[in-house]
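Notebook open, model loaded. I want to go through a few spots one at a time and jot down what turns up.

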Amino acid sequence: MDEEYDVIVLGTGLTECVLSGLLSVEGKKVLHMDRNDYYGGDSASLNLTQLYRKFRPDLSPPAELGRDRDYAVDLIPKFIIASGELTKILVHTDVTRYLEFKQIAGSFVYRDGKISKVPSNEVEALKSPLMGLFEKRRAKKFFEFLQGWKDEDPATHQGLDLDKDTMQTVYNKFGLEPGTQDFIGHAMALYLTDDYKTKPARPTYERIVLYTSSMARYGKSPYIYPLYGLGELPQSFARLSAIYGGTYMLDKAIDEIVTDADGKFIGVRSGNETVKAKQVVGDPSYFGAGKQTDGKVRVVEEGKVVRAICILKHPIPGTEDSDSAQVIIPQNQVGRKNDIYIACVSSTHNVCAKEVYIAIVSTIVETDKPELEINPGLQLLGTIHDKFVSISSLYTPTAPGTDDNIFITRSYDATSHFETVVEDVHDVWQRVVGKDLVLKKREDIEAQA
Amino acid sequence: MSKQFQFKLVLLGESAVGKSSLVLRFVKDQFDDYRESTIGAAFLTQTVTLEDGTSVKFEIWDTAGQERYKSLAPMYYRNANCAVVVYDITQSASLEKARSWIRELQRQADPSIIIALCGNKSDLAARRQVSEEEARKYAEEEGLMWGETSAKSGEGVTEIFTEIAKKLPKNAPAAGRGGPGRTGAGARSGVDLNKQANAQGEQNEQCNC
C-alpha cells in the first residue's frame, strides 16, 4: 500500500464500480476498497448466510430454504430498462461478455383493487381492462401524437409546446381520464409522485418514449435482469477496472479520510497505514452518512426508503404466474404521495432455490410508521413465507468535491431502474475528470493500445 | 462437421507465478521476459482439436490481479468448467498458495469442476524448490490433474491444456455452446444486448469472443 494512486474509490456499489471501470479504462491508476468482504455495497446481492448476517445476526438460515449458494438476494429492487443508459454503458464497455440477461416477464399496475398487465403491444392494449372503449380511442390518439412528434416539424405538434405546456395541459388536450393519467404517468413514465403534471411535458414525453422503446425491444416487459442478481453488475465493472490495472481490496477497514490544513484530500487511512491519492470517490457511508466527520457534514439525508424483502413460495397472485414482475401501485390508488413498487424475481433468474420467489416491496417513507406504509403492497403478495424489512436513508453530498477532491456518490433511490444511477455516474465523472463522459467502444480502446 | 464444445477455464495462483505468461504461450505462442502484471489482457480464447476431431474452445479468464488481496469476485468462479492452478517450482511457498486456491475452488466452484495443478517455470529446474514427487502426490490425493510447464520455452503447455480438453465432459449441447459459460452471444438462452445494439444500427460485432 505504499504506492500513490490517481483515484481511491471507496465502496463497491454499482455507481462506484462503473466509475472505477471507466476511470481505469481512461488510464487512471485506481485503488478500489470496500469494508465488506463482498462486492456490491448497498447494491449487492447476498446469499442466505450474508442476508442473515445483515438482518438477523443471531440466527442462521433455515435449512428448508435450500442451498446457501443458490441465493443472490438483491438489497435494492431495481431492473434494467432495456433501452436505457445503463444498457448503453454495458454494451460500450463490453462487460456484457461477463453477464447473461433475462427478461422480466411482465409489468403490472394496480387499479381499483386489482392488478392488470401494462399492455406490451397493441393486441394487449385493445383487450386491456385498464380503459373503456372510448378512452382507448383517446389514448390511441395521445400515443400517436407522441410517436409522431418531431421537434422540427410544427405540423406534428398539434398546437402544443413540450417545453412550455405542462403535462396536465397535454392530458387535457386529449381528454384523458384521471385513471389513464395515473397509468401513463406512473406505470409508463414511472414517476413516483404527481409533481410532473404541473411541469413542462418534455421529460414525461422522453420517459414514455424510453418506456415504449424498451418494451418494443424484447417484448414482454421493458425490463431485463442479470442472471445471478443485480450484484453481478458491480462485479463485472470491477473486473473491467482490474483488467485496466485497477487494484482491488475487499474486507478493508476505512478508518479516516485524511485531509490537509485546507481540507483538501490527501489519502485514506486503514489501521496505521495511509494510502495517498489525488482524488477520492466513494459512497455516502464512507463520509459520515449524515453525521459530522472531521468537523464536516459531507452528506445530508434527503429522505428515506422502506424496503421489505419477501420470500414467497408462489408467484405474485394476479400476475399470470409470471416468473418475474414489476407491480406499481400508483399513489392516488392508495391515498399516498409516493407510489409503492413491487419487484419480483425467482429461480428463473438464478437468484433463489426452485419454487421460491423473491419480492421486494418498497416506497418512499411519508410517516413515522414506514412499515405500515408498504401494507398495500404486502397484501398483494399472498402468503409471505419470510420478510426482511429495512429503512434506508437517501444521502446526497453537500459539496461538489471540486474544491477538496472528495467526490461522493448518491444513495440508491426509490426508482425502479438504474437511470438515476447513470446520471450520478455522469455527474461524478464530470466533476472528477473535468469533462463530459464520452463512452468509447472497448474494441476501439484496445485497438489504440 | 465434427463436434465443437466451449468451456470456461479460470486461472488461479499466487501473483508472479506466470499465470498470464502461460496463457500467452498457449493462446499466442509468445513469451515476454519482462511482462508486467496483467493489464488489459482480459479475455482470451483458444481452441484445441482432439484426435477424434472434436474441437474444444477454451474461454480463458485471467484473474486480472484481483487475486492479490483476495478480492476475486464470485462471478469469476461462476460456471467455470475447469481451473488451472499455477505454482512456481522455484518457490515452495507458491505451492502452499496453490493449495489454498484449490480449497477455495472446492468451496466456491461447481463440484464437477476439473482442476489441473500446474508447476510453471520448469526451465528454472536448477533452482527447483518443489519436487515433482511432492506435487504429484498432493495432486493424486486431491484428485487433480498435474503437470509441469515452462511458459518461457513452451514445454508442457499445450499438453496440459490438451489433457484438460480430453477430460472435460462432452455431453453438453454441441456447436459453440458447451458448458454454461457466458460467451457466444448468439447462443445465449437469455436476451442479447449486443445484438439489439446492432438492430439500432450501432457498430458492433456479433460475437465478442
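I started with A:D251, which sits in the loop between β10 (247-249) and β11 (256-259) of chain A. This is a predicted model, so every value I note here is computed. A:D251 is not a glycine, yet its phi is positive, about 55°. Most residues other than glycine have a negative phi, so I flagged this one.

B:D29 is in the loop between α1 (19-28) and β2 (43-49) of chain B. With 10 other C-beta atoms within 10 Å, B:D29 counts as exposed.

A:D94 went on the list too: it comes just after α3(A) and has a positive phi of about 65°.

How many of the 9 residues of helix α3 (residues 85-93) of chain A are buried? The count is 8, so the helix is largely enclosed by the rest of the structure. I wrote down the buried ones: A:E85, A:L86, A:T87, A:I89, A:L90, A:V91, A:H92 and A:T93.

**The seven-stranded sheet in chain A**

Next I traced a sheet. It is open, has 7 strands, and runs β8-β7-β17-β18-β19-β16-β20 in chain A, with mixed pairing. Which strands stand at the edges? They are β8 (114-117) and β20 of chain A; each has a single partner strand, so one side of each is left without a neighbour in the sheet. Neighbouring strands here are turned by 25° against each other on average, direction ignored.

- β7 (residues 106-111) and β17 (residues 325-329) of chain A run parallel and are joined by 4 bridges. A:S107 has A:Q326 in β17(A) as its bridge partner.
- β16(A) pairs with β20(A) over 12 bridges, in the antiparallel sense. Here A:K304 stands opposite A:S393 in β20(A).
- β16(A) also pairs with β19 (residues 357-364) of chain A, antiparallel again, over 8 bridges. In this pair A:R307 is opposite A:S362 in β19(A).

One helix I noted against this sheet is α7 (residues 178-188) of chain A, which lies across β7 and β17 of chain A. The angle α7 makes with β7(A) is about 140°.

**Two histidines in loops**

A:H385 lies in the loop between α11 (375-378) and β20 (386-397) of chain A. What does A:H385 touch, not counting residues up to four places away in sequence? I find A:I311, A:L312 and A:K313. A:H385 is partly exposed, with 16 other C-beta atoms within 10 Å.

A:H314 is in the loop between β16 and β17 of chain A. Leaving aside neighbours within four places in sequence, A:H314 is in contact with A:Y357 and A:G382. A:H314 is partly exposed as well, with 14 other C-beta atoms within 10 Å. The C-alpha atoms of A:H314 and A:I8 are separated by 44 Å, and the two residues are 306 apart along the chain.

**The core**

I followed up A:I8. Which residues have the most contacts inside the largest nonpolar core? A:I8 is one, A:A359 is the other, and the core has 183 residues. Strand β16 (residues 299-312) of chain A gives the most to this core, with 8 residues. Not counting residues up to four places away in sequence, A:I8 touches A:L31, A:M33, A:V268, A:V275, A:A277 and A:V280.

**Chain B, overall**

Last entry. I count 6 helices and 6 strands in chain B, and from the N terminus the order is β-α-β-β-α-β-α-β-α-β-α-α. Of its 209 residues, 44% are buried. Taking contacts in chain B between residues at least 6 apart in sequence, I see that 70% join residues at least 24 apart.

Definitions and conventions. Residues are numbered from 1 along each chain as its sequence is written. Chains are lettered from A and ligands numbered from 1 in the order in which they are written. This is a predicted model: local features need pLDDT of at least 70, side-chain atom pairs count only at pLDDT 80 or more; totals for chains, interfaces and linings use all residues. A residue is buried if 20 or more other C-beta atoms lie within 10 Å of its own, exposed if 12 or fewer, and partly exposed in between; C-beta atoms are placed from the backbone. Two residues are in contact if their C-beta atoms, placed from the backbone, lie within 7 Å. A nonpolar core is a set of buried Ala, Val, Leu, Ile, Met, Phe, Trp, Tyr and Cys residues joined through C-beta atoms within 7 Å. Two strands pair if DSSP finds at least two bridges between them. Axes are lines fitted to C-alpha atoms, for helices over the stretch in contact, and angles run from 0 to 180 degrees between N-to-C directions.
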